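Subject: Structure handover

Hello,

Here is the structure I promised you. Please open it first, then read my notes below.

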Amino acid sequence: MLILTRREGQSLQIGDNIFIRVTELNDGSVRLAIDAPREISILRTELIEAAKINKAAAHEEASPTALLKLLRKKDSP
Amino acid sequence: MRIQTKYFGAVELAEEDVLFFPDGLFGFEEEKKFVLLPFSGEDDCLLCLQSVQTPLLAFATLNPFFFWSDYRPCPAPEDLERLQVEQSESLCYYAMCVIRDPLINTTVNLRCPVAINPDTRQARQVMLDSYDMRTPLPTINDPPSASPSSPSTPLSTEGGANCPSPNPKGGASIC
């Protein structure tokens with residue numbers, strides 16, 4: 001894995017047509033401007049995980065009513 | 001309007017029951033309209049987020065404040081802007097469950113709750129910076145962490161700082 005240090009305002013290039021610029025550093029987060037061809041998919045990694053979890057949530061393995069009963073049990077003092 | 005649902009057969013709805021998700025849900029970007037239906041009577045502990053467009057698409061969602069009293073969702077400013085609110089407490093939140101067999105292995109996605117503006121009925125699934133996408137259910141012996149006693153209290157819009165604590169009752173009413 002290549003690890004680079006960049007400062008605010010600096011950029012890097014991947015291949016011929018993907019450009020990534022650090023536009024802002026702020027309190028532990030970094031803002032990036034990405035210039036890439038339209039056909040390149042750019043997704044925050046956690047969104048892929050979130051979509052996977054949503055798909056799992058759409059196919060329950062047990063009855064929601066059974067879960068409700070369990071939750072009520074937890075809910076009562 | 002009448003829709004077919006995954007769990008309740010045909011259900012009659014008013015137009016104002018519909019929640020609008022302009023960006024859909026993660027992985028379900030084409031699904032723009034949902035309704036929240038209680039699984040059991042008036043009990044809003046577990047609700048069904050049912051697609052209006054796709055009868056077989058529905059999610060079990062719960063009110064996170066019932067079970068995690070210290071839950072403080074803090075969506076990104078862009079999310080608040082899209083939902084046309086200034087602060088997190090103006091929104092209702094519901095967390096989606098992945099129901100497993102055995103039930104005890106069920107997890108709750110506290111990181112990506114569905115946030116709803118109850119005034120406009122605009123909604124979106126948000127990605128928080130904190131909380132786990134696979135939070136285990138609270139254990140049976142845990143005391144209830146939030147007061148379930150006044151679930152239909154309207155939202156409070158009081159509040160303060162940048163990421164203030166939402167009213168624990170905030171997600172409790174069916175929006």
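Across the interface of chain B and chain A, the rule finds three salt bridges. A salt bridge here is a side-chain nitrogen of Lys or Arg within 4 Å of a carboxyl oxygen of Asp or Glu. One of them joins R134(B) and E49(A), with N and O 2.6 Å apart. R134(B) sits in the loop between strand 9 and strand 10 (135-136) of chain B, and E49(A) sits in helix 1 of chain A. Over all chains, the search finds eight salt bridges.

Some ground rules. This is a predicted model, where local features need pLDDT of at least 70, side-chain atom pairs count only at pLDDT 80 or more, and totals for chains, interfaces and linings use all residues. Residues are numbered from 1 along each chain as its sequence is written, chains are lettered from A and ligands numbered from 1 in the order written, and side-chain values use heavy atoms, with hydrogens and water left out.

Back to the interface. Chain B brings 39 residues to the contact and chain A brings 26; contact means heavy atoms within 4.5 Å. About 3,100 Å² is buried between the two chains, and carbon and sulfur atoms give 67% of that. Buried area is the accessible area (1.4 Å probe) that two parts lose on being put together, summed over both.

What kinds of residues make up the side of chain B that touches chain A? They are 27 nonpolar, six polar and six charged. Ala, Val, Leu, Ile, Met, Phe, Trp, Tyr, Cys and Pro count as nonpolar, Asp, Glu, Lys and Arg as charged, and the others, Gly among them, as polar.

Next, the largest pocket. Its volume is about 1,300 Å³. A pocket is an open set of points on a 1 Å grid over the protein atoms alone, where a 1.4 Å probe fits, with protein on both sides within 12 Å along at least five of seven lines; lining residues have an atom within 4 Å of a point. Grid points are joined across faces, edges and corners, and the volume is the space filled by probe spheres set on them. Of the 34 lining residues, the closest to the centre are R31(A), R44(A), E46(A), A76(B) and E78(B). Strand 3 of chain A gives the most, with five residues. Strands (E, at least two residues) and helices (H or I, at least four) are DSSP runs, numbered from the N terminus. The lining has 16 nonpolar, six polar and 12 charged residues.

Two backbone details to finish. A cis peptide bond joins D101(B) and P102(B), with omega about 5 degrees. D27(A) is not a glycine, yet its phi is positive, about 50 degrees.

Best wishes
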